[in-house]
Amino acid sequence: MKRYAQQSSFETEVLTLPVQVAALLKMPNIARELQKLGIHGVDVILVPGLIRGDTSVIADATGIPTFKGPRYAADLPTVLDALDKVKLSTVTPACDLLREELQGKALQELELVEKNRESLLQNPGNMTIKELAFGKDFPMRVMAEIVDAPLMPSDEIQRLAKRYVKQGAALIDVGMIAGESRPYDAKRAVEAVKGAVNVPVSIDTLDPAEAREAVSAGADLILSVDAGNVEEMASFASDVAVVCIPTNQREGHFPKEVNERVRFLEEIIGKARQVGITRILADLVVEPSNVLRSFVAFREFAERNPYVPLFLGSSNFTELIDADSVGVNAVLACLSSEVGASILLATEKSPKAKGTVRELVTASKMMFLAKKRGSVPKDLGLDLLVLKNKRLRIEPYNREIESEAPVILATEKLEPEIMDEKGLFKISVDHNNETIVAIHISNSQQDKPSVIIKGKTAENIFSKIEEMNLITRLDHAAYLGRELARAEIALITGKEYIQDSQLFKN
């Protein structure tokens with residue numbers, strides 16, 4: 001702790017009490033020890049944030065203002081250097097207050113943009129779809145696609161739409177099936193989405209028949225218009241927004257070279273305007289096999305057409321790389337922000353892409369704040385740190401204590417052969433409803449569950465199991481704790497959970 005405290009510009013003194021674990025300290029005990037020491041010349045006392053209770057007990061005993069410091073010593077320099085910016089608490093750890101302060105500041109900046117939407121919409125390059133404002137002066141909006149919507153019943157379409165909007169999606173895209181024409185399903189799917197959520201809805205098809213039915217059902221945006229369908233689309237698309245792409249799918253034409261692609265898209269947009277389409281976004285198309293060239297094309301088009309909003313399908317790449325989506329989406333959002341994208345299309349078709357909507361929503365806000373502040377996307381109050389830590393907070397292991405107690409090497413132990421007399425548990429994760437499920441099966445009736453316990457955390461479920469007296473053996477309790485903890489990690493990270501199997505590769 002002394003090492004961390006010395007990293008701050010504040011003059012500090014660290015007092016160590018004879019207790020190995022800070023969480024075991026009690027406020028009255030600290031108060032008595034400090035009274036014995038008779039400390040003087042101290043302006044503020046900070047105690048470890050892990051200690052339970054109210055520090056007012058110490059302040060009353062010493063006459064010195066006392067507050068909770070951070071939970072971990074590694075955060076001491078940050079807390080000490082922010083003493084003049086944050087009002088410390090007698091009950092809440094300082095690290096939580098700092099995090100809340102940063103998050104609050106970030107959210108205020110984002111809210112201010114939305115409050116000023118009407119004045120910002122006067123600026124070139126901004127526009128609306130329904131009530132949603134987007135463009136150069138707004139954070140990138142995330143559109144979540146319901147992939148292969150025609151193959152789903154309407155209630156499943158609605159469930160996904162609600163889930164994506166809850167995760168922050170600003171638009172919902174009805175994804176049709178390439179190579180098929182299903183106008184009835186296009187209309188049904190759009191109606192289902194509009195009946196479930198109050199956000200703009202797009203139809204993802206190049207088929208004019210599907211697009212026509214979707215627009216009649218209330219679709220607000222068409223993906224996509226190209227050289228092969230622009231005239232047919234224009235007959236019913238004059239009142240909706242469209243995304244133009246540099247292709248002619250009917251002839252199989254898609255320019256690879258950057259300048260040719262940009263010019264071809266400009267020609268299609270010019271044609272669209274001639275036939276009465278006025279609300280246009282541009283998508284240069286992200287090629288999974290040549291991402292750099294794709295972003296260069298976006299940048300080139302944006303420089304030549306600064307007031308045409310850009311639509312970018314980032315999941316074209318996320319879905320086709322065997323890497324965790326959170327880092328991939330953070331980098332794609334950064335690149336998208338640099339080229340000036342206004343809307344990002346997110347899909348969660350494959351298991352490895354689950355969480356993409358939430359990740360892109362957070363990443364988009366981060367990039368907007370960084371651009372607005374003229375900074376790198378760091379220390380913004382928002383982050384995408386899921387499996388890694390921003391800074392290490394662990395205390396180094398002190399091997400000297402091994403001289404004071406026996407050291408026993410733990411070896412692998414087989415599962416207990418003796419069954420718990422109360423029965424066994426089948427643990428699973430319901431990712432759709434974001435819950436952990438513990439199914440109890442009694443020894444007397446093994447053909448059906450005796451009770452099913454659901455919860456969001458391992459701790460809550462185990463507490464309920466204990467409360468219901470469904471466990472009697474210590475080895476069974478240890479086993480359950482391990483499996484429930486794995487299930488909670490799987491729920492948080494989106495990993496699949498299989499009971500008795502490792503979550504991560506060794």
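Predicted model: local features only at pLDDT ≥ 70, side-chain atom pairs only at ≥ 80, totals over all residues.
Residues are numbered from 1 along each chain as its sequence is written. Local features need pLDDT of at least 70, side-chain atom pairs count only at pLDDT 80 or more, and totals for chains, interfaces and linings use all residues, while side-chain values use heavy atoms, without hydrogens or water.

Helix H7 covers residues 154-166. Helices (H or I, at least four residues) and strands (E, at least two) are DSSP runs, numbered from the N terminus. H7 has 13 residues and reaches 18 Å from first to last C-alpha. This is close to the 18 Å expected at 1.5 Å a residue, where the expected span is 1.5 Å times one less than the number of residues. Ile157, Leu160, Ala161, Arg163 and Tyr164 are the buried residues of H7 (buried, under 20% relative accessible area; exposed, over 50%; partly exposed, in between; 1.4 Å probe, protein chains only). Seen down the helix axis, they fall within an arc of 165°, so they line one face of H7. The arc is that of the directions from the helix axis to the C-beta atoms. Asp155 and Lys166 are exposed on the face turned away from the buried side. The buried residues of H7 pack against strands S5 (141-146) and S6 (171-175) and against helices H8 (183-194) and H15 (356-373). Just after H7, Gly168 takes a positive phi of about 115°.

Ser314 lies in the loop between strand S11 (310-312) and helix H13 (315-318). Ser314 counts as buried, at 1% relative accessibility. Leaving aside neighbours within four places in sequence, Ser314 is in contact (heavy atoms within 4.5 Å) with Leu332, Leu344, Leu345 and Leu360.
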